[in-house]
Amino acid sequence: PEEHMQRLVVKTVEICHHNSFVCRQVGQTGKSDVWSVLGQVVEHSCKRCSLDKFGSWTFPGGGALGCHMIEKFLTYYEEQGDVQMLATMACVLNGGKDRRNRSSQEKNPYNAGLFSLLPFDNQRYDGYIYQYASLLYGW
């Protein structure tokens, strides 16, 4: 399970860096910066409670880079009406799992891995995905 979690974190960070690169290529530097920060957040927040190389404790979902920053990004893009960014962030930060099947242990931010980065609000994320799908299928 821990090896699987490590692979998931690495893949999620790679996706964030890829999205950052693509955004920069098309002139969306603000979004590129957000994806770059999200990659750092995933990498930082998914460490289990342990000492880092500087002797500081790290906690999943906490700290300056953590779920509160993710919430600010979500709020910002909600205000902008950018459902593509919202839906993509929700999918990438979901860790490749169906959010509706989260166990009670996964809802605990100290056991949740990537789940600890997203506030528990399935209806909100389903709304992002539904709105984005409606936009795509409306063409």
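## H2 against H3

Helices H2 and H3 are roughly antiparallel (an angle over 145 degrees; under 35 would count as roughly parallel, 65 to 115 as roughly perpendicular and the rest as oblique). In this predicted model, H2 covers residues 29-45 and H3 covers residues 67-80, and the two pack at an angle of about 155° with their axes 11 Å apart. The axes here are lines fitted to C-alpha atoms, for helices over the stretch in contact, and the angles run from 0 to 180 degrees between N-to-C directions. Helices are DSSP runs of H or I with at least four residues, strands are runs of E with at least two, and both are numbered from the N terminus.

H2 passes H3 in a left-handed crossing, meaning that the near helix is turned anticlockwise from the far one by less than a right angle (clockwise would be right-handed). On the H2 side, the contact (heavy atoms within 4.5 Å) uses Gly30, Lys31, Val34, Val37, Leu38 and Val41, and H3 brings Met69, Ile70, Phe73 and Tyr77. Sorted by type, that makes 8 nonpolar residues, 1 polar and 1 charged. For that sorting, Ala, Val, Leu, Ile, Met, Phe, Trp, Tyr, Cys and Pro are nonpolar, Asp, Glu, Lys and Arg are charged, and the others, Gly among them, are polar.

## H3 against H4

Next comes the other partner of H3. Helix H4 (residues 83-93) crosses H3 at roughly 155°, and their axes come within 9 Å. H3 and H4 are therefore roughly antiparallel too. H3 puts Ile70, Phe73, Leu74, Tyr77 and Glu78 into this contact, and H4 answers with Met85, Leu86, Met89 and Leu93. The tally is 8 nonpolar, no polar and 1 charged.

H4 is mostly covered, with 8 of its 11 residues buried (under 20% relative accessible area; exposed is over 50%, partly exposed is in between, using a 1.4 Å probe and protein chains only). The buried set is Val83, Met85, Leu86, Ala87, Met89, Ala90, Val92 and Leu93.

## A few residues up close

Cys67 sits in H3 and is partly exposed, at 22% relative accessible area. Its C-alpha atom is 9.7 Å from that of Val42, a residue 25 positions away along the chain.

Over in helix H1 (residues 2-25) we find Ser20, which is buried, with a relative accessible area of 11%. Setting aside neighbours within four places in sequence, Ser20 touches Ser32, Trp35 and Ser36. Val10 also belongs to helix H1, but Val10 is partly exposed at 42%.

## The whole chain

Stepping back, the protein has 6 helices and 2 strands, in the order α-α-β-β-α-α-α-α from the N terminus. Of its 139 residues, 38% count as buried. Among contacts with a separation of 6 or more, 60% come from residues 24 or more positions apart. The accessible surface is about 8500 Å², and carbon and sulfur atoms hold 55% of that. These areas come from the Shrake-Rupley method with a 1.4 Å probe; for residues, only the protein chains shown count as cover.

## Ground rules

Residues are numbered from 1 along each chain as its sequence is written, and side-chain values use heavy atoms, leaving out hydrogens and water. As this is a predicted model, local features need pLDDT of at least 70 and side-chain atom pairs count only at pLDDT 80 or more, while totals for chains, interfaces and linings use all residues.
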